[in-house]
Amino acid sequence: MTLCLLGPLRWEPDGEASKSLPAIVPSAILLVLARHGQWLARADLARLFWPELPGEAALLNLRVNLHKARHLLNELAVGVPIESERRRVRWAPPTDLGSATASTRALAADFDLPAFESFGAWLRDWREALAGPASHRSDPHIENPDGDEPHPNGAPSATFYGRRVELARLRASSTPAVVVTGEAGVGKSRLLAEAFESVPWLRCRESLQRTSFSAVADLFESHPHWLQDLGAYRLDLARLLPDIAPDEPLPPLDAITARVRLFEALARTVERHASLLAVDDLQWADPATIEWLAMLAHRGRVRWFATARHDELSTHVTETLRSLEAAGALSMHALQGLDRTALNALLHDRKPELAGARGFPHAHPWLDALWTYTSGNVFCAIELMSALTVDDSPQDLARLPLPQRVAQMLRRRHERLPPPVRAVVDAAALAMGRPALAQLAAVAGLDMAGAITAVENAQQQGLLQDTVCRHDLVREALRASISPARAMELHRRTARHLVEQGAEPEMIAYHWRCAGEDEAAWPFVLCAAQRLRQRGERDAAVAALNELRNATRDETLALRAEVMLAQEHLFDDLPAGRRALESILARAGCVPPGAARQTIEAQALAGLIDNAVFSGDLARAAGLAPALRQRLPGLTREALIEAHQVLIEASMREGDFVAARASLEGLRLARAAPAVVLSFEAQIHWFEGSASQARKAFEQLLARHPDYCHGLTIENDLAVMCLALGDLGTAEEMARRSLRNWAGIAHTQALSSLVLGSTLTSQGRFAEALEALNRAYDLGQQQGSALFMSEALARRARLHWAAGQASAAREVTLAARAQAGDIIEPLRASALALMEVLTSIDASATPDTLAVDALASIVTRCPHPLAHARHWRAQAELAACRGDSSAALNAAHHLAMVARQAGLLESFCEALTLIARFDAGAAALAASVQAQSLAHAQGFTWILDRIAAAPGGPQCVAPPR
């Protein structure tokens, strides 16, 4: 079966009559796709037919006509389907273009679409090219000895010269990683393609060295089936490949966690689909890609084979390779040029009139000259052979050193190109990555039809493959041939086009800077830095932000960079973060009124409120909140989500749940990620006093969005709920999981150490609890957080009190009060006030009346059952101190009622011990038995110890002395 392009356009099935394709747009689209036989960008194809329409309208037309083209293929019973992806499309049927009559028969005879001038021009150019001299197509090996595309899918080409020993050594290697080193053009990539058929290729490029994971992104985009069924790592890969979740907000992650999860996601995905991976041009791999490859080598589940120019390896790459080699995970193979026998075979195939007898490389003028001149470098030898004419002699080759000679040769070919072709080649040589055809057209100043023709001409000349330079040395030589002024102008055009297309900020910034227009680049550097932070590339982001801040003349941009830099301190150095944010807020007043100033002020205020909350200064947070609320209207979506989150953090701790729920609705309206909305809804439930409802919400969050556990403190918050509800086993499990998942993040480590210490205290594991709480204190001190330090001390005071260490409990309670100062947050204030009451009575039999009054005041404004339980616990002890057993028993019953209704099992168990202590007879005994049963069931070991140590037996429980 064949698509016949020569003569009338028709489909010829095997053994059946041919079927004509009508002259309609779907047929024309099939004609364009069949000519290329490779992936074409949807945008480029749409512009060829509808150049006058806006991009989205043209793409819509294309989608409709692709659908019609598929129906046409079904009607004609064509068994070759159209392949399509989100941004590109391909149709590669067998055609008759290779027939002997290709140059004598009309192409797509009588096929015409008068209404589509751009397509008509493209078809005329193709017909003229086909009618002229046949284009030269050389052996794939000869075209690409060490280039970007050794062969489609990595399969070997028909002819391979020499290298039998190298092939055997490579195939026999057993290390997880192998690096083939050698000079440019020596044949490293071709050797790998021959050794390992049909392996995926990771292709590093020189212009993308500063862009993290660019080559890895290309690898994954070229294997779309890898991106299916990603499971829990789908949103992690979406940080690198946004098309995976184009309309879904990504979970907020700290830099370290985002990086770890991205590395793991990439590794697991590759390991599911490949056992071997080829890596081209390792010397141009960015640091993140190098670290990821090292990770693959250590895991040993996917073996990778890489090529590298040994003289261009950076210190970082060299040290990484040495480390892998020392660990037995990598082996190095140095590749030399072709031997004389292989070079003679190559010369015999390329220029038979100049070669000696095949297989007998004896002295021969041309072979000697080529061997001396190229040292067997395949690329250089092929370039020389391609340039030789009948007027050349072997003696001419020795006149210039090799690199200059090859560069001069390529420049000469460049100069002979027609102006449109030269313009496209120059644009491709200066492009970052793999440019779209539309980009080359825009930079070269051509329409789409002209650009397609120019690219095809350049491909026939051996300068381009697809839209990129065929070989690294081709690109380097072409760049050297472009004058600096022209290069800057082409970079400028490229940047403008990419801005219009909404391209990646890294690419836009690169071209603006190459154009010498740094100020135009800085806004995109800022966006790129934000992307780096989201991907976990914190060091690269900080470096970019520092450079921007120090170099830009735009004070607004500098301040925005400073805000992002100051935010990096929020989790490790709160005082430094506060100073930086206050300075930024003061200087923002110098920015002219407008959206930029509003955004800077809002982000700085949000950072300061967050800082105040985690510093334990809720009064300062409350004082800043009105100013932030004034700036909410008109903020960008990202800034609005950030602002509402910190407002919720502050409001719910103050007990202002109306304001907290208003900001929760603001998150919904701003289309925050559902997991983020559910997390804050659960937290509001907790601070309102609904511990069971909060636990249910956190459990739903954990089940529905497990991939957010590294961006939201889900496990830590669930541990808090479980501790309050007396489920100590789950609380400990969640706290320890949080500690593992947030390793290296001092802020969350402190939070989880606090809840772990309290959980272990309730279990009577005092030594472990003390270790956890001391660690929380040290982490708080490291961050400059009075909140964490005072909380650690308050919980240590409870530990000592539960362990019967009255003197230590009183001493630590006083230290906690000195550290905390005045506390506005009801839950924190009530916990410390209760310890002040209990330890003052234990120490001197005199209650701390200020703490008693503080608890009474708290319950008038706070509905949380924990605060009320602590109030009644203090009232029971206060009445006992006065000798009023009746009042003490009444307070114990109130405590039991509050705790039972809220599900606070530890407080309820403690209430039962108080009833047993203050009541008498059967009621006291029943309460004691019930307390023991509950303590055994829930693991409240310290309460069991209290019951066992009570004077007069288990039915008469006394406080520790």
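Guide: The answer below begins with the whole chain, looks closely at one group of paired strands, and then turns to other strands and to helix packing.

The model is predicted, so local features require pLDDT of at least 70 and side-chain atom pairs count only at pLDDT 80 or more, while totals for chains, interfaces and linings use all residues. Residues are numbered from 1 along each chain as its sequence is written, and side-chain values use heavy atoms, with hydrogens and water left out.

The protein chain has 961 residues, of which 57% count as buried; buried means under 20% relative accessible area, exposed means over 50%, and partly exposed lies in between (1.4 Å probe, protein chains only). Its secondary structure comes to 45 helices and 13 strands. These elements are DSSP runs numbered from the N terminus: helices are H or I over at least four residues, and strands are E over at least two. Along the principal axes, the C-alpha atoms fill a box of roughly 120 × 65 × 60 Å. Of the contacts between residues at least 6 apart in sequence, 66% join residues at least 24 apart, where contact means heavy atoms within 4.5 Å.

Two strands count as paired if DSSP finds at least two bridges between them. By that criterion β7 pairs with β10 in the parallel sense over 5 bridges, and V179 stands opposite A306 in β10. A further 5 bridges join β7 to strand β11 (residues 330-334), and these two strands also run parallel. In this pairing T181 stands opposite A334 in β11.

Strand β10 covers residues 303-308 and pairs with β9 in the parallel sense over 4 bridges; A278 stands opposite F305 in β10. Strand β9 (residues 276-280) is largely enclosed by the rest of the structure, because 4 of its 5 residues are buried. Strand β9 is also joined by 3 bridges to strand β8 (residues 201-203), and the two run parallel. Here R203 stands opposite D280 in β9.

Elsewhere the pairing is antiparallel. An open sheet of 3 strands has the order β1-β2-β3, with antiparallel pairing. Strands β1 (2-4) and β3 (19-20) stand at its edges with a single partner strand each, so one side of each is left without a neighbour in the sheet. Strand β2, residues 10-12, pairs with β3 over 2 bridges, and R10 stands opposite S20 in β3. Another open sheet of 3 strands has the order β4-β6-β5, again with antiparallel pairing. Its edge strands are β4 (40-41) and β5 (83-84), each pairing on one side only. Between β4 and strand β6 (residues 88-90) there are 2 bridges, and A41 stands opposite R88 in β6.

Two packed helices are described by the angle between their axes and the distance between the axes. The axes are lines fitted to C-alpha atoms over the stretch in contact, and angles run from 0 to 180 degrees between N-to-C directions. Helix α24 (residues 538-551) and helix α25 (residues 555-567) have axes that come within 8 Å and cross at roughly 150°. The two are therefore roughly antiparallel to each other; angles over 145 degrees count as roughly antiparallel, under 35 as roughly parallel, 65 to 115 as roughly perpendicular, and the rest as oblique. V542, L545, N546, L548 and R549 of α24 meet L557, A558, A561, E562, M564 and L565 of α25. By class, this contact has 8 nonpolar, 1 polar and 2 charged residues. Nonpolar covers Ala, Val, Leu, Ile, Met, Phe, Trp, Tyr, Cys and Pro; charged covers Asp, Glu, Lys and Arg; the others, Gly among them, are polar.

Helix α29 (residues 637-654) packs with helix α31 (residues 674-688) at an angle of about 10°, their axes being 10 Å apart. That angle makes α29 roughly parallel to α31. The contact is formed by Q645, I648, E649, M652 and R653 of α29 with V676, F680, Q683, I684 and F687 of α31, which by class are 6 nonpolar, 2 polar and 2 charged residues.
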